[in-house]
Structure formats: C-alpha cells, structure tokens
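Visitor: I have a structure open on my screen and would like to learn how to read it. Could you take me through it feature by feature?

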Amino acid sequence: MFLRNCWYVAAWDHEVAGDFLTRRILGESILFYRTSGRNVVALADRCCHRRAPLSLGRREGDCVRCMYHGMKFDAQGFCVEIPGQDTIPRKARVHAYPVVERHRWIWIWMGDPELADPALIPDTHWVDAPEWKGTPPGYLHYQANYQLLSDNLLDFSHLAYVHLGTLGGSESYAQLKPEIEVLERGLRISRWLYDFAPPPFVAKLLPPGKVDRWNDYDYLIPGILIMSSGFAAAGSGAREGRREGAIEFRSCQAVTPETETTSHYFFSQPRNFANHDPITDRLLDQALRTAFHEDLTIIEAQQERWSERDDDEMVLITADAALVQYRRIFDRLLAGEQRATAQA
Amino acid sequence: MFLRNCWYVAAWDHEVAGDFLTRRILGESILFYRTSGRNVVALADRCCHRRAPLSLGRREGDCVRCMYHGMKFDAQGFCVEIPGQDTIPRKARVHAYPVVERHRWIWIWMGDPELADPALIPDTHWVDAPEWKGTPPGYLHYQANYQLLSDNLLDFSHLAYVHLGTLGGSESYAQLKPEIEVLERGLRISRWLYDFAPPPFVAKLLPPGKVDRWNDYDYLIPGILIMSSGFAAAGSGAREGRREGAIEFRSCQAVTPETETTSHYFFSQPRNFANHDPITDRLLDQALRTAFHEDLTIIEAQQERWSERDDDEMVLITADAALVQYRRIFDRLLAGEQRATAQA
Amino acid sequence: MFLRNCWYVAAWDHEVAGDFLTRRILGESILFYRTSGRNVVALADRCCHRRAPLSLGRREGDCVRCMYHGMKFDAQGFCVEIPGQDTIPRKARVHAYPVVERHRWIWIWMGDPELADPALIPDTHWVDAPEWKGTPPGYLHYQANYQLLSDNLLDFSHLAYVHLGTLGGSESYAQLKPEIEVLERGLRISRWLYDFAPPPFVAKLLPPGKVDRWNDYDYLIPGILIMSSGFAAAGSGAREGRREGAIEFRSCQAVTPETETTSHYFFSQPRNFANHDPITDRLLDQALRTAFHEDLTIIEAQQERWSERDDDEMVLITADAALVQYRRIFDRLLAGEQRATAQA
C-alpha cells in the first residue's frame, strides 16, 4: 500500500542528464529525461499501445518515439504520431507525472496530477546553499519495504546500538526520550543530550571535552527527514542559540518505495564548518556511508524476517512513540486516498 | 492459457539424437528420444509412480526405465515392468505425445491424441528442399509469453523501427498497410513495396538501384510463420511472377510456449540464390541473428512491463489489424477446447 | 504442512559452539547458542519488538541483546531490559524452543513446550558409543520437500536402481518384499537377502564369496531412521544371531523440514569393525557420500517435477506399502494437531 498524492524524491538532478533514466517508483517504471529547455520529463515507461518500454525508444526533439511500432509522444505524454495512421485516438497517451526540480532533487507526484501542489515540497535548501557544504549525492538501494526505513528514521534510539561505533557513541543515547510534536503531515522530533562524550564520527572534528548534542528533525510524509543536528562545547548554550564554535549539520534524507519490498534512499548531510577542507569532506562522507550501511544491514535482515512471516504480534515499547504517531498520520492519509478512489 | 489441439514445433531433428532431450512445452517436461528405428518418441518426463524424471532413467532397447524404483516404459508410454510385482496396473502409463518429424522439425501434439491429424502440419518443405539453401538451424529462448512473439510476427510495421538498421531499412515500411486474408486457422498477410531502397541486410547481395520488395506470409495457429519474401529490380514485374534476377526467401518460423512466461522460437530462412556461397551464408545468417536479437530485446523488455502490470487498457492502432484478427481465431479455438474439456 | 509436536534434529552438536548458529526449521528462523554452562539455547531469531534478527545481536552473559533498539533477552526468551524504559511488558518475550542434546545431535521441539517429553527422542546412542565408530558428521541440504526424503527412506527398493553401483549392487534387491510392522509412531521394516554378491561399497571389506545381507530399521515420526544393517558369510546364521565375522552398521539419519520445499538431512553410519583403520574410514565415508548424492540428485529432480504440477494421480505399486502406512500415521498425527489447534 502506497500513498500516491504526495511528492517523492525520484532522483538526484545529475542522474537525469543527456540519457534516459528509468526508475521504478511505487512499482511503476518511469522514464526520465530533460527537454531542450532542461526541464525534467517523467513519463510512464510503457507505451500505451503494447506496453513496450519507451526507454528503448528514440529521442526526437522533446518527444520520445517508441521503437517498437513507432508511436511518438510529446513531453506531456500525448501521442503526436502513429505511423501509417492519420488520426490519433484520444486515449493514445502515456501518463506524464508532475515533476519539480529543487535543490538538486527531482520530486515526482505519483497521484492525481490535479492535486500536485509544489508548495507541499519540504524545504531542503541546505543541500545546495552556498554557505552549507553537502556530502556527495547519497543513494542506497534497499531490499526492504519503505516502512521499515521510516521506522528506523523515526526512532533514533537505534543510534545507541546500530551505530554504537559511528554516529551513536554511547548506549546512553537510548535512554533519552525525545520530544515529539505532531505536524499536519508528519512529526517534529527533538533530542538534546548534555555533557556527553562526542561520538566517533565527529570526535576528530571537535576540541577535546564533553559536548552538548542535538538532533532536531521533521519527519514528513511520505518519508522525508529534514534535520538540524550539531555539537557544541558542553554548557555553551547551544539550545538557547549560542552556536559560536558549534558544528552543525542539516541532513536531508528521502525514502521512496521502489516496490513493496524494495526502496530508494537518497541523502545529503550539509555542514556549516570546514567547508573547503577535503579531509573533513572525506571523513564525514565515509562516516555517513559506514553508518548508513549499518542501517542497511539491520533493515534488510529485518525485511527477511518479515518476509518469513508478518502476522505475529509485535510488542510496543516506549521508543515506538514517534513510529506509532507517524503511522497514524500515514494511515489516515491512506484511508483518505482510498475513500477518494472508491468514490471516483 | 494454451491451445492444446494443435501441432507445435518441439525441436530441430538433430537435437533428438543418441541422448535424451528434455524440453518443457506448455509447461510440461517432455522426454524425447529415438527408437532403434529412428522414430522420435515423446514421453511425459515424469514417472507415473512418484513423478521422478524419466530423463534420469536408462534406455533399454526402445524402452526407458525409471532409475528411481525401476518401472520400465515402452515407447508408447505403457509400463511393461514393475520390479518385484507380477501385475501391472492399467493406469501405469506415462503420456506419449504424438510426434511427426518433417523437414527437420519435430512436431508435437499436446492435446487429445485422437485428434492428432498430421495433415494439420503446415508445409515447410523449403527448410530441407535441395533447391533451397537454409540458414543454420535457428533457435532462441525467450523470457516472454508466446503471444508477445506472435504479436510481433503478425505486424511487420515493426521492421521500420526495431529493424531499421537491419531488415527494415526505412521508416516508410511502416506506412504500408498489408493485405490481410482470414484463413481457417490463421491469416494470410501480404506487403508489397515498390521502388524502394534495399534494406542493409540484402543491399550487398543486389545490384545497385531501387527494388520492389515483398513479404507474403501465412501466420498459422499455434504460431507458425511461413513466408515468401524477396527483392527484385524495381518495376521488373515480380508481383506478376517475373522473378528472373530476383532473390527470394522462404522463411519458416515457429513459436512454442515453454511456460506462461517463456517461449521457444525456431527459425530457418531458406533462399534460392548463391546456394553454394559461404560468404552469402555467413552474411545472411549474421543478419538474421542480429535482427532476431533486436526482436528478443524489445519483446523481453515488453514482457517485463507486462509482468509489472497487465490490467491497464492498451490503445489499438491500425497496424494491429492482423493481431486482432488472429487473436479472434485463437480465442475461438481456445473457447472450443475449453467447452470440450468441460463436457468431458 | 508440518507436524509440530515432535522432536526434530536441528544440528550437530559442534555446530552450536562459540558463535551464533541460525537455522530455519519448519520455516522459522531459530538462533542457537550455548550458555556459559554449555546448555544449548534455541530462541526465535526475530525480536518481539520489530522482528529484527537476534542473530545480529550481542551476547551478554547467557543473554542476547537485540542490536537494533537494545532489548535484551535471557536464555528462556524473556525480555530482561528495554533501554529507556522501566517496566517490561509481560508479552515481551521471544519463543524459547525446548532443546535436548543427545549423542551429538541437538533435538528441538517445534510445538507446544508443555508436551516436550524427552522420552520421545529415539535412541541413537551408536552415534557416539565407544564401541561403534561413526562416520564424520553427515549433512546435506535438500532443495526438496521433506516428504520426498521420507518416501525415499521408506522404500529401499531404490537401492537396486539409484544405488546400483554403490549401496545396492544388484537389481535383484528390488525383488525382495520387506517385512513391515506398524509401530506407535512409525514403522519397523526388515529386509534379509541370502546368498547374495556383496554390493560395491563393502566388497573390499569382506572376504571373497556370497553374503547374507540385512537392512532392519525403524522409520519414526517426524523422519528418523535408525537401522541395523550388515553382511555375513552366506549361510553363517546371522539372522539367528551368529554374527562372528559379520560386519555391522547402525545408521542414524534424520530429515528436518527447513521450508515447504527445502530440507535438512543429518546422518551418521557407525560400524563395529576396523574401528581404528583410517582407510576403512575413508572408504566408507566416501561410499556413503557418493550414495547420498545419488539420492539428492533424483529427489531434487523429483521435486522439480512436483513443482511443475502436483495434482496428477500417482500410480501405487507394491513397493509403496511402507510409504502408504507411514503416511497414514503421519496424517493421523497431523489431523490430531490440527484438531487441538482449532479447539485452542
């Protein structure tokens, strides 16, 4: 079950370049390319005639010609030519998905195009803001249902175990109860730890001594994490806004279902310090990739167990608070879409 | 859904030699071998006792012994020996499929043996006629449903796109509407093009200049193409029968379902010119294999899209005329078989 | 369909050593490890919280901590710690399977722990008895349903065909009708052959001449074979108990379903002769492995045919007597379990 009326991250901008990109999203194969005006086009990658992939077709200007029987489609998906035939049936059209390119991500709307309001796209401007230095474009392919990734991102207590040697640094991280605020389409989650030994991935970047640490993030439908995190000298007043000497990140992460059991995961973690230092670049990029592979390992193993059986009861714990509240929002939106579909 | 009461091509003759050949047809594993009299035998490759494959068994004269518990079957599939047991149950029999060997192909009847009339086998005598020079025995395994192969062969407009650089040579090929005649068990399809640049695959074999070109073929249940095609100097009267200087082919092709999503494809393309010229042999063989791989690529990609989803409406175009009419014949025959099965 | 209230062989003792062992049994992934007291623990390898595998967790004394969110479980499967949470829900428990370690095998009870009576474990003491010399721990993984393995072991007529060149030696073996006695939870099967050329696997171990040969075994629910077999000079009175000069084996074999279509197969074949002779060791071990691969080949091929189709009628033969009687016992026990489950 997928939410459709929402913006998903479909790709990094550079992935849609001169050539065709084909990617499956919510189970649908989609063809991405750019017009001569550099606009991104997203068409169903199946000809409306006999379902051949348009991605095996040929670019003709801003159009694509299916190279099976030659039907030609424009960037809106309308068929504009059928070889040997003068009239074109009105139904001869492939679905054109609304897309928006913003801050290096290509966003796609999988539902009713009429409802595709770009104002619903969360702000991720840090990814290409000049004063923030991003990590290289991050992508992982998951052999797991997208909900398992969301569960992971909604409960950072796992930093204490999955990422003990990387992002977490101490099991005491799991003792902290986050503050959770319910938003219209997601949650605002906040964790502050005071007087805390810095975790391995940033220890080299900080002066010796204890730190105050924070992870403040929104987790938004359909699976977008936007986080302010950072480290400051213990007691220096970071929470009250005094951030001199602090190091800060603005992580932007996006989970997009590929199929029911596989997912796309896009990420970037801009920082506001040592912006021109390649050693810091490499150190943080490696730390992030190591940590995100730790997630991949446990989540894909978890998926294997779900595939064996998913009907046994699960025991809720306190740490699941955000997960439960997010699922409630998700289920409400999903039920709304299904009602709308049933009435249509 | 498969048609059963019809002849399918099961193998090239040389594939059934000294050893057992096992091949799946309509989802059924079948054991092929030759008797001492060189007759081809086709038995269900599953012992009637505990379903062990007879192909792991042992030849004993014209019989096969299952090497699990030793039951022995004759070439008609009757059990003739059960170790340690004097009487043989009447039901102790594996299905023996009617087979006919003709012009290098082994034909098999998958339905009611009582109905297996060899007169229903189409004429493919060109494949081993002395005055025609065949290509080497052609075979491709398809990861695609057989109907997608039939669709391909029923509409040659794809020559203009799939085979633009090989068999087609020009997109104008797709402008031509074929003549279609409905036969009892298939279609007769005819395409004549006049004053046309010869396509790449034969350009080297012809004197310079424009040609008239034809593709006249029957496409017969359950998926047999028999074609007269050729090229003659433009305006030389080939259609009226003046064929001096023309080069002609008699392509014989057969589609056989392996399973619902995989298929066998057998082909030969005899010609009536340069019959003893190895350079022409190689040139035509390579051209054919290149072109047939072009089909394979698009059809297997099409199958992938069908596997993702096959419930969305497809838009019919003019070029689908033969496909639609053939499907009507197919569906009528299939419905007839199902009625007969229901009554039995 | 699996029987649950019975003891299955889960592992050889040495497989559960310092590290975790994960093995799937009846479709369930199970984590095995040893406590500091060397007792074997078998826990469901899925955390009761979010189904992450405990096998990716961390040993803490005799406990295991799930390294996703840190829940800690003791050797009885009870959760003893939830990070950041004082009270532990009563349901916070993973299933602990009763296990018994006996004669080098780890036995596991997959059903209601209340019913797990170790007295139901068959006697396999020969496997580690000092006066018997076992083969190295045998294990084969099967791509086949466990019933196909049981069928194989219930009817030794296949020695005449599958093992003609190894264990069988002659097709006349299949002429012999075994004596079959019905036990409470299995069958007692006896085959005696007199004045018989010894089969290849033991020919080198015997003086020249004919032998009397026996295979007397119990085949017990859920798939345990315990056999006395041997060879004595023809007419020397082995059946009456005169065993001087005879060579004897006590084969212990166990079939355990991994999933519906895959199985575990454990085996050992202790002997009472040449107990300290490494050449005999090697000869017998190789003979056994060769022969058991012969079974593997035919049974996995049989499974392929069952997977193609399993609704066609099978012809019963005289040799199926044990198979039919065993299946009757199995089905009775299975029906009993299902009644009990339905009432619960």
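Guide: Gladly! Let us start with a pair of helices: α1(A) passes α4(A) in a right-handed crossing. Please keep in mind that this is a predicted model.

Visitor: At what angle do the axes of helix α1 and helix α4 of chain A cross?

Guide: When reading a helix pair, look at the angle and at the distance between the axes. Helix α1 (residues 146-154) and helix α4 (residues 278-308) of chain A cross at roughly 130°, and their axes come within 10 Å. That angle makes α1(A) oblique to α4(A).

Visitor: Which residues of α1(A) and α4(A) meet?

Guide: From α1(A) come A:Leu148, A:Leu149 and A:Asn152, and they meet A:Asp295, A:Ile299, A:Gln302 and A:Gln303 of α4(A). By class, the residues of this contact are three nonpolar, three polar and one charged.

Visitor: How do α1(B) and α4(B) pack in chain B?

Guide: The angle between α1(B) and α4(B) is about 130°, and the axes are 10 Å apart. These two helices are therefore oblique to each other, and α1(B) passes α4(B) in a right-handed crossing. B:Leu148, B:Leu149 and B:Asn152 supply the α1(B) side of the contact, while B:Asp295, B:Ile299, B:Gln302 and B:Gln303 supply the α4(B) side.

Visitor: And in chain C, how far apart are the axes of helix α1 and helix α5?

Guide: In that pair, helix α1 (residues 146-154) and helix α5 (residues 321-343) of chain C have axes 8 Å apart and an angle of about 130°. That makes α1(C) oblique to α5(C), and their crossing is right-handed. C:Ser150, C:Asp151 and C:Leu154 in α1(C) meet C:Ala322, C:Leu323 and C:Tyr326 in α5(C). Four residues of this contact are nonpolar, one is polar and one is charged.

Visitor: Is α1(C) largely enclosed or largely open?

Guide: To judge burial, count neighbouring C-beta atoms; 20 or more within 10 Å make a residue buried. Eight of the nine residues of α1(C) are buried, so the helix is largely enclosed by the rest of the structure. Among them are C:Tyr146, C:Leu148 and C:Asn152.

Visitor: Let me step back to a whole chain. How many helices and strands does chain A have?

Guide: Chain A has five helices and 17 strands. Its radius of gyration is 22 Å, close to the 20 Å that the globule rule gives for 344 residues, so chain A is as compact as a globular protein of that length. The C-alpha trace of chain A spans about 75 × 50 × 35 Å along its principal axes. Buried residues are 45% of the 344 in chain A.

Visitor: How should I read the places where chains touch?

Guide: Ask how many residues each side gives, and of what class. Between chains A and B, the contact takes 23 residues from chain B and 21 residues from chain A. Helix α4 of chain B gives the largest share of chain B's side, six residues. That side of chain B has 12 nonpolar, five polar and six charged residues. Elsewhere, 21 residues of chain C are in contact with 23 residues of chain A. Chain C's side there divides into 10 nonpolar, seven polar and four charged residues.

Visitor: What should I look for in the backbone?

Guide: Most residues other than glycine have a negative phi, and most peptide bonds are trans. The peptide bond from A:Ile221 to A:Pro222 is cis, with omega near 5°. A:Pro222 sits in the loop between β14 and β15 of chain A. The bond from B:Ile221 to B:Pro222 is also cis, with omega near 0°.

Visitor: Which phi does A:Leu26 have?

Guide: A:Leu26 has a positive phi of about 50° although it is not a glycine. This leucine, A:Leu26, is in the loop between β2 and β3 of chain A. A:His103 has a positive phi of about 50° as well, and its loop is the one between β9 and β10 of chain A.

Visitor: Last one: where does B:Arg239 lie?

Guide: B:Arg239 is in the loop between β15 and β16 of chain B. With 14 C-beta neighbours inside 10 Å, B:Arg239 counts as partly exposed. Leaving aside residues up to four places away in sequence, B:Arg239 touches B:Trp192 and B:Trp214.

How values were computed: Residues numbered from 1 in each chain as written. Chains lettered and ligands numbered in written order. Predicted model: local features only at pLDDT ≥ 70, side-chain atom pairs only at ≥ 80, totals over all residues. Contact = placed C-beta atoms within 7 Å. Helix = DSSP H or I, 4+ residues; strand = E, 2+ residues; numbered from the N terminus. Nonpolar A, V, L, I, M, F, W, Y, C, P; charged D, E, K, R; others polar. Axes fitted to C-alpha atoms, helices over the stretch in contact; angles between N-to-C directions. Parallel < 35°, antiparallel > 145°, perpendicular 65-115°, else oblique. Left-handed = near helix turned anticlockwise from the far one by under 90°. Rg over C-alpha atoms; globule rule 2.2 N^0.38 Å. Buried ≥ 20, exposed ≤ 12 C-beta atoms within 10 Å, placed from the backbone.
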